Amino acid sequence: MSKSQLLREEGNRHFQKGEYSRADALYSQALNLDPTNPTLYTNRAMARLRLSQWDLVISDCESCLGLSPDNLKAHYYLSQAQLALRAYSDALEHAYKAHKLCVAANDKSLGNITAQVLKCKKEKWDYEEKRRRRETADLEEEVLMLLRKEKKEAVVLSGEEAEELTREWEEKLRRVREVFEKAREKEERRREVPDWAVDDITFGFMVDPVITKTGKSYERAAILEHLRRSQTDPLTREPLQASELRPNLDLKQACSDFLEENGWAADW
Amino acid sequence: MAGFATKRLGKELSKINSNSLPPGIELVSADNFEEWFLDIRVLDNNPLYLNEIYRLKFRFSAQYPIEPPEVTFVKLADRPIPIHPHIYSNGIICLDLLGQQGWSPVQNVESVCMSLQSMLTGNSRNERPAGDEEFVRANRLRPKDIDFYYDDNNV
């Protein structure tokens, strides 16, 4: 076994024990000896993920992808680091790439990668939602302020006429607040996940629905997990092979569109 | 898939809490994601089960719902074990739906309770499975490891 392999195995042992800094150092030594080994980069990226060293994870993954563009782990770790740095679109893009590679390789990490896709969408939506709310609140403040200013200028006289005007302006202010309040309530009320978007095995929101002969769709990772245990259709118990599953593209698009507008649904 | 069972059970629980269960089925406790208790009763006037409430224990593995839950009746002072040709007097249930072969991951706690409810409703035989005494004395296996022979689908 070469020196770099020995260092790598030593690094793996420390990683298993949770000693990530030590593992990181050993992988680095191995890389000095063998700088074109993609696995060493993903090993080190994994250790650095645990150490929350996001920038370093990104550079390791990029080095790995330079050597091996279709490296599943590199895309997956890269997505996690980008998400931690709030680069939502990049994180989602690499989560999708990892998902695609994972399906092609029939890799067991499909469940975790599916969860990563959802997590990217959810966090992106949360971030945008926060911004939307803040902007709406700012707009409300501004409108109210302008109205109060108008009111002050309008109500210059005293007496009965002024009282009448004051009442009118108060009413306007009340209505503006009401309109904003109603919009907020509506936002809260529509939070219901449609059944068609929910996988009947995990009860999770679907990312990559596949359809069986019965016409029923399931999340790919979930139905594959079931088929590993029992090669039967979950509804009819008729024989079912993984190779008989077909992607349900329209449903996939519908799920994706729904999530675009309702990111909270990712972990309802 | 890590966290499969916990997530799914969390969602089942929130569905139960918001939509409530069908008549005759009640959640007693769901304090964790390993063991839940539910009460069921039969809705018609079947004299075998009239005015009785039965306690079910669900045990979930980390692979639920890929793996079936372990479901048994529990005996308490006011919760007998229902008499049925497929229910042993120690509470173990012989139902293909709960076996390795008959289970499907689209089943859930509610649907299992409904199946058991209808299994009781449809029964008119006031008897235990053949060899009940012997089975109860000798069995040391967990229900999922028992190889039941589902010979009689009419009961």
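In chain B of this predicted model, strand β2 (residues 35–40) runs antiparallel to strand β3 (residues 54–59), and six bridges join the two; strands count as paired if DSSP finds at least two bridges between them. Across this pairing, B:Leu38 stands opposite B:Leu56 of β3(B). On its other pairing, β3(B) is joined over five bridges, again in the antiparallel sense, to strand β4 (residues 70–74) of chain B, where B:Phe73 stands opposite B:Leu56.

Chain A holds 10 helices and three strands, helices being DSSP runs of H or I with at least four residues and strands runs of E with at least two, numbered from the N terminus. Along the sequence these elements follow the pattern α-α-α-α-α-α-α-α-β-β-α-β-α. Over residues 4–37 chain A is 79% helix and 0% strand, with the end C-alpha atoms 10 Å apart.

As for overall dimensions, the C-alpha trace of chain A spans about 100 × 55 × 30 Å along its principal axes. Of the 268 residues in chain A, 41% are buried, that is, under 20% relative accessible area with a 1.4 Å probe, counting protein chains only.

Residues are numbered from 1 along each chain as its sequence is written, and chains are lettered from A and ligands numbered from 1 in the order in which they are written. Local features need pLDDT of at least 70 and side-chain atom pairs pLDDT 80 or more, whereas totals for chains, interfaces and linings use all residues, and side-chain values use heavy atoms, without hydrogens and water.

Methods: Buried < 20%, exposed > 50% of the residue type's maximum accessible area, 1.4 Å probe, protein only.
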